[in-house]
Amino acid sequence: MKFKSDIEIARSAQKIPIADVAKKLDISYDDIVPYGHDKAKISDKFLKKISSSKKGKLILVTAINPTPAGEGKTTTTVGLGDGLNAIGKKTAICIREASLGPCFGMKGGAAGGGKAQVVPMEEMNLHFTGDFHAITSAHNLLSAMIDNHIYWGNKEQIDIRRVVWKRVLDMNDRALRDIVTSLGGAPNGFPRQAGFDITVASEVMAILCLANDLKDLQKRLGNIIIAYRRDKSPVFCKDIKADGAMTVLLQQAMQPNIVQTLENNPALVHGGPFANIAHGCNSVIATKAALNLADYVVTEAGFGADLGAEKFLNIKCRKADLKPSAVVLVATVRALKMNGGVTKENLGEENSSAVEKGCDNLGRHIENLKNFGLPVIIAINHFISDTDNEIFKIKEYVAKKDCEAILCKHWEKGSEGTIELANKVVEIADSNQSQFSTLYPDQMNLFEKIETVCKKIYRADEVVADKAIRDQLKAWEDSGYGNLPVCMAKTQYSFTTEPNKRGAPVGHSIPIREVRLSAGAGFIVVVCGDIMTMPGLPKIPSAENIYLNENSQIEGLF
């Protein structure tokens, strides 16, 4: 049986006007800012007048560690949202925007797949409403103002050896990781070592996704530490008066985007920090708006539960006072077979023993999520090559973990394929089983917070950090930043810092290479192992196969 490709399905979508999509959440035409016929922003005026008394049920969708076999977390998020609407529940979906880096690199798009997609898919995976461009511009405005401040007399006495603010670009470009700026003589400023991160790793991205409103946004931007003086005292963004102009650039980007699923249900798509190098969740402002407009809100956290879900729960929920009602943990037969040692080339062959072995990875995530006091449901994202025996092995294993696994066919059937999952989610969410609590208290010291995540989530035996890193953490504590949560920057493919160690490894160490203070966002970034905050392109990037066909349609994007 030949299935249509994701892009063919998206192009054949029967979209309705975006104003009609907004009406499903009781948002009037006057309260949206249309970007064409099929996408819009929710106005700041409307966000301010939403009643905060109505609170929907928040459902988090996460997954096992990603593999080349695919897990389908976004696809399941969209499928579940459609399923909940299909059973008569007023539901909104909240997901992140796509970065151009992975679109043209290796990962591909981020709008779901099959019959569980958000549209317009092509625009969402490219420029969309320009939010990422605004974030890139605001970030680099600050970079330019730092160098300009130094050039024109350096009133704040910035030590040019201690400028910590890099530039950003929403593209994978390893050549920009470490650079030297201001070459060419006195007219170009003072030469110094610098570098680029990818836009989704920018603190400005994190701030936009954690800020409650424009006032909070400007305050957080002002609190960004850009450099240090010779006496090692910090220089803030507000010290060089960059926060106001940055807020102006981000004014429209702060407004959540509303689009629709293939079944014309509302989806709020806003913000996009990576989960392996940032905090991996869509914006607080979009999530809170959805909770005030819908009875159920389905959102996702990036990559596996050890990264995205951990940060969603320890950072986003802590900062925004959110309390999830349930967690849906996505797994596939194919991915579990890879965790059980099967190569990608042999995934089409039945191998129940490999599935059983690979379930150790699934089990680790179940245990971790339950440590947060949350009820967990397993969604088996179905592939046509899955066999009954393989599916049975997952259900049997999950039952021993006091959970239920539900087979979902949303890729093939849309909402029809998630009705059972939707009913189970409603049952659990409405029974108020959630006893959510964060993994560590604010008062715990920073290194102990790092150890807590590494030992309780990654199951490491130890954290390896040299004296300079420990001294830096202590200095930040002495400066009043000890109550911040930690944001782990680590490979998404493994519980360890080695991408090829799949399954549920134990007896490993987590080496800390660097720590960064994101004072505006409100967390400490902990860079582990070889993870890069500016990715590189693979040997054969997706960009090589992306082009316009004779009808001016995009081919190869997804």
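This is a predicted model: local features need pLDDT of at least 70, side-chain atom pairs count only at pLDDT 80 or more; totals for chains, interfaces and linings use all residues.
**Exercise 1. The enclosed cavities**

Determine how many cavities of 30 Å³ or more the whole structure contains, and describe the lining of the largest cavity.

Solution. 
Step 1. The search of the whole structure returns 2 cavities at that cut-off.
Step 2. The largest cavity holds about 70 Å³ of space.
Step 3. Its lining consists of E97, A98, L100, M124, L126, H127, F128, G130, D131, F132, H133 and D170.
Step 4. Sorted by class, the lining residues of the largest cavity comprise 6 nonpolar, 3 polar and 3 charged.
Step 5. The greatest contribution to this lining, 3 residues, is made by helix α7 (residues 131–151).

**Exercise 2. The second largest cavity**

State the volume of the second largest cavity and identify the elements that give two or more residues to its lining.

Solution. 
Step 1. The volume of the second largest cavity is about 30 Å³.
Step 2. A305, D306, E310, H365, N368, L369, F372 and I457 form the lining of the second largest cavity.
Step 3. The elements that give two or more residues to this lining are α12 (305–320) and α14 (352–370).
Step 4. The class composition of the lining of the second largest cavity is 4 nonpolar, 2 polar and 2 charged residues.

**Exercise 3. The second largest pocket**

Describe the second largest pocket by its volume, by the residues closest to its centre and by the element with the largest share of its lining.

Solution. 
Step 1. The second largest pocket contains about 1200 Å³ of space.
Step 2. It is lined by 40 residues, of which V164, Y228, E514, V515 and R516 are the closest to the centre.
Step 3. Several elements each supply at least two lining residues, among them β7 (158–163), β12 (225–229), β22 (509–518) and β23 (523–528).
Step 4. α19 accounts for the largest share of the lining, with 7 residues.
Step 5. The lining of this pocket divides into 23 nonpolar, 7 polar and 10 charged residues.

**Exercise 4. A sheet and the helix across it**

Solution. 

**Exercise 5. The setting of β23**

Explain why β23 is described as largely enclosed by the rest of the structure, and identify its strand partners.

Solution. 
Step 1. Residues F523, V525 and V527 point one way from β23, while I524, V526 and C528 point the other way, and all are buried.
Step 2. Because 6 of the 6 residues of β23 are buried, the strand is largely enclosed by the rest of the structure.
Step 3. β21 (residues 486–489) pairs with β23 in the parallel sense over 4 bridges, with A489 opposite V527.
Step 4. β22 runs antiparallel to β23 and is joined to it by 6 bridges; the bridge partner of L517 is I524.
Step 5. A hairpin is formed by β22 and β23, with 4 residues between them, and G522 in the turn has a positive phi of about 95°.

How values were computed: Residues are numbered from 1 along each chain as its sequence is written. Side-chain values use heavy atoms; hydrogens and water are left out. On a 1 Å grid over the protein atoms alone, a cavity is a set of points where a 1.4 Å probe fits but cannot get out, and a pocket is an open set with protein on both sides within 12 Å along at least five of seven lines; lining residues have an atom within 4 Å of a point. Grid points are joined across faces, edges and corners, and a volume is the space filled by probe spheres set on the points. Ala, Val, Leu, Ile, Met, Phe, Trp, Tyr, Cys and Pro count as nonpolar, Asp, Glu, Lys and Arg as charged, and the others, Gly among them, as polar. Buried means under 20% relative accessible area, exposed over 50%, partly exposed in between (1.4 Å probe, protein chains only). Two strands pair if DSSP finds at least two bridges between them.
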